[in-house]
Amino acid sequence: PGNRRGPRQGIEDVGFGAHIGYRFSPYFAAEFGYLDAGKPHWDHRDVYVPDLDDFGDTEVDLELEAAQLSVLAILPFAGVWEAYLRIGASFWRADAQQAVYPRFDDAYYTRSIDDEGTSFLFGIGIGASPTPAWHLRLEFQSFPIEEELLVASSDTTVDTFLLEAQYRFGR
């Protein structure tokens, strides 16, 4: 325990990802990917903290990375455009640095939690091919993680927007 809020460290909310895949037909593909979600920061106010049996404010700095295996259902349209749906599994690992500030106490508490898990992965996106070999796509992707990492009352999700450039071999 400490007696005042600690200094807020630099926050990174931009991550990166890479993937490799195989397209079986114009309508189906499989991909293996890696996602580094950066270092997002959460502030929660008036959260019930079971370990303290009290309400308080929380701050969490999270480092998260995931290996992902998924299949894509693809709908080509208008010559160069594609819409797609992704389903699969996300094998994630996370480290959380937590600070809890109880409502009626001048002290604050810190702890570090490491966790890992396998979660359902969902994504939806749209893409365009400006040339036969190059493809650009924008995707929303989501998978759940454990509530304990964010001092939350229920499971939460890692929601990301990805902007990707792909080179397609054999085109």
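Reply: Start with exposure: a residue is buried under 20% relative accessible area, exposed over 50%, and partly exposed in between. Keep in mind that this is a predicted model.

Me: Why is Tyr167 called partly exposed?

Reply: Tyr167 has a relative accessible area of 44%.

Me: What makes Phe169 exposed?

Reply: The relative accessibility of Phe169 is 74%. The cut-off for exposed is over 50%, therefore Phe169 counts as exposed.

Me: Why is the pair of Tyr167 and Phe169 called edge-to-face?

Reply: The count of aromatic pairs comes to six. For Tyr167 and Phe169, the ring centres are 5.0 Å apart and the planes are at 80 degrees. Centres must lie within 6.5 Å for a pair, and planes over 60 degrees apart count as edge-to-face, so this pair is edge-to-face. Tyr167 and Phe169 also form one aromatic cluster with Trp134.

Me: How do you know whether Ser119 is buried or exposed?

Reply: Ser119 is in strand β6, residues 109–128. Its relative accessibility is 12%. Buried means under 20%, so Ser119 counts as buried.

Me: What does the side chain of Ser119 reach, and at what distance?

Reply: It reaches the backbone oxygen of Pro144 at 2.7 Å. A polar contact of 2.9 Å also joins the side chains of Ser119 and Trp92. The limit for a polar contact is 3.5 Å between N or O atoms. Leaving aside neighbours within four places in sequence, the residues in contact with Ser119 include Gly88, Ala89, Ser90 and Phe143.

Me: What makes the phi of Ala78 worth a remark?

Reply: Phi of Ala78 is near 55 degrees, a positive value in a residue other than glycine. Most residues other than glycine have a negative phi. Ala78 lies in the loop between β4 (54–77) and β5 (81–102), and at 64% relative accessible area Ala78 is exposed. Asp46, in strand β3 (residues 41–49), also has a positive phi, near 55 degrees.

Me: Which residues form the nonpolar patch on the surface?

Reply: They are Leu75, Phe77, Val80, Trp81, Ile126, Leu138 and Leu163, with about 680 Å² of accessible area together.

Me: How do you know that Trp81 is partly exposed?

Reply: Trp81, in strand β5, has a relative accessible area of 38%. That value falls between the cut-offs of 20% and 50%, so Trp81 is partly exposed. A patch residue needs over 30%, and Trp81 has 38%.

Definitions and conventions. Residues are numbered from 1 along each chain as its sequence is written. This is a predicted model: local features need pLDDT of at least 70, side-chain atom pairs count only at pLDDT 80 or more; totals for chains, interfaces and linings use all residues. Side-chain values use heavy atoms; hydrogens and water are left out. Helices (H or I, at least four residues) and strands (E, at least two) are DSSP runs, numbered from the N terminus. Buried means under 20% relative accessible area, exposed over 50%, partly exposed in between (1.4 Å probe, protein chains only). A polar contact is a pair of N or O atoms within 3.5 Å; within protein, one must be able to donate a hydrogen and the other to accept it, and residues adjacent in sequence count only if both atoms are side-chain atoms. Contact means heavy atoms within 4.5 Å. Rings of Phe, Tyr and Trp (its six-membered ring) pair if their centres lie within 6.5 Å; planes under 30 degrees apart count as stacked, over 60 as edge-to-face and the rest as tilted. Patches are made of residues with over 30% relative accessible area and no salt bridge: like charges are joined within 9 Å, nonpolar side chains (Val, Leu, Ile, Met, Phe, Trp, Tyr) within 5 Å. Accessible areas come from the Shrake-Rupley method with a 1.4 Å probe; for residues, only the protein chains shown count as cover. A salt bridge is a side-chain nitrogen of Lys or Arg within 4 Å of a carboxyl oxygen of Asp or Glu.
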